[in-house]
Amino acid sequence: GKVVVKLVISSTGAVTSVTIAESTLGSDAVEKCILAILEKAVFPSPEGGGTVVVSYPYVFKPQE
């Protein structure tokens with residue numbers, strides 16, 4: 001399945017908002033885990049300051 005997260009990153013690099021934008025995974029537990037981890041993430045400060053909005057896909061495949 002695929003989980004697309006939408007992150008809002010502040011001028012300090014802190015995540016101010018993270019939501020599930022799309023999901024085909026069908027697992028609330030995994031989605032909540034992803035959100036909990038990303039809420040605590042800190043990124044480099046954006047060049048020029050301001051706020052950055054990022055959408056990022058996580059694709060999960062079964063092991064072969």
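This is a predicted model: local features need pLDDT of at least 70, side-chain atom pairs count only at pLDDT 80 or more; totals for chains, interfaces and linings use all residues.
Numbering starts from 1 along each chain as its sequence is written, and side-chain values use heavy atoms, with hydrogens and water left out.

**Stop one: the sheet.** You have an open antiparallel sheet, ordered S2-S1-S3. Strands here are DSSP runs (E, at least two residues; helices are H or I, at least four), and two strands pair if DSSP finds at least two bridges between them. Ignoring direction, neighbouring strands are turned by 20 degrees against each other on average.

**Stop two: S1 against S3.** Pick Val8 and look across to Val53, its bridge partner in S3.

**Stop three: the helix.** Now select 28-39, helix H1, which packs on the sheet and touches S1, S2 and S3 (contact: heavy atoms within 4.5 Å). H1 makes about 155 degrees with the direction of S2, on a scale from 0 to 180 degrees between N-to-C directions of axes fitted to C-alpha atoms, for helices over the stretch in contact.

**Last stop: the rings.** Show Tyr56 and Tyr58: their ring centres are 5.1 Å apart and their planes are at 70 degrees, so the pair is edge-to-face (centres within 6.5 Å; planes under 30 degrees apart are stacked, over 60 edge-to-face, the rest tilted). Tyr56 is partly exposed at 43% relative accessible area, and Tyr58 is partly exposed at 29% (buried is under 20%, exposed over 50%, partly exposed in between; 1.4 Å probe, protein chains only).

Technical notes:
Rings of Phe, Tyr and Trp (its six-membered ring) pair if their centres lie within 6.5 Å; planes under 30 degrees apart count as stacked, over 60 as edge-to-face and the rest as tilted.
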